[in-house]
Amino acid sequence: MFSGLYYLGLNYVPLELYETQTMPANQKEDFYVTQWCDLEFGRKEAVLWDMTRVDCLTKDYAIEFDFAHKWAESVGQSLYYAEMTKKKPAVVLIMTKLTDMKYVKRVERLNKDIQIFLVKAF
């Protein structure tokens, strides 16, 4: 038996390729940021010199959180924050349904070395 997710019309994505956390559904983005980016892991809402805010700034990553359907916005922000902080870009895509995997595939296709983390909120 396979251990992964299938999504309509696209390829198989093995679950072990992503760090996935399961969290309660129907929450605001800030809830997921707070749960994921604790004090031991990173700094939540780190303010940069130009007054932009990184959702979670860690030793290695500038991480942007967003619901999966807003994947393009999260990628753009993560790339910008990574450049500003000299960290690696990362996104946390909050999946509210299984078919949100199509948005993960869109980020993969960019091939910009963006680390993808997933929150399963369904």
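Setting aside neighbours within four places in sequence, Asp66 is in contact (heavy atoms within 4.5 Å) with Glu29, Glu73, Ser74, Gln77, Val92, Leu93 and Ile94. This is a predicted model, where local features need pLDDT of at least 70 and side-chain atom pairs count only at pLDDT 80 or more, while totals for chains, interfaces and linings use all residues. Residues are numbered from 1 along each chain as its sequence is written, and side-chain values use heavy atoms, with hydrogens and water left out.

Asp66 sits in strand 6, residues 61–67 (strands are DSSP runs of E, at least two residues, and helices are runs of H or I, at least four, both numbered from the N terminus). Asp66 is buried, at a relative accessible area of 2% (buried means under 20%, with a 1.4 Å probe and protein chains only).

What does a search of the whole structure turn up in the way of disulfides? It finds one, formed by Cys37 and Cys56 with their sulfur atoms 2.1 Å apart (the cut-off for a pair of cysteine sulfur atoms is within 2.5 Å). Cys37 lies in the loop between helix 1 (29–36) and strand 4 (42–47) and Cys56 in strand 5 (residues 53–58), so the pair ties together parts that are 19 residues apart in sequence. The link of Cys37 and Cys56 is right-handed, with 80° about the S-S bond, and both cysteines are buried.

As for the protein chain, three helices and eight strands make it up, in the order β-β-β-α-β-β-β-α-β-α-β along the sequence. Of its 122 residues, 43% count as buried.

Notes: Buried < 20%, exposed > 50% of the residue type's maximum accessible area, 1.4 Å probe, protein only.
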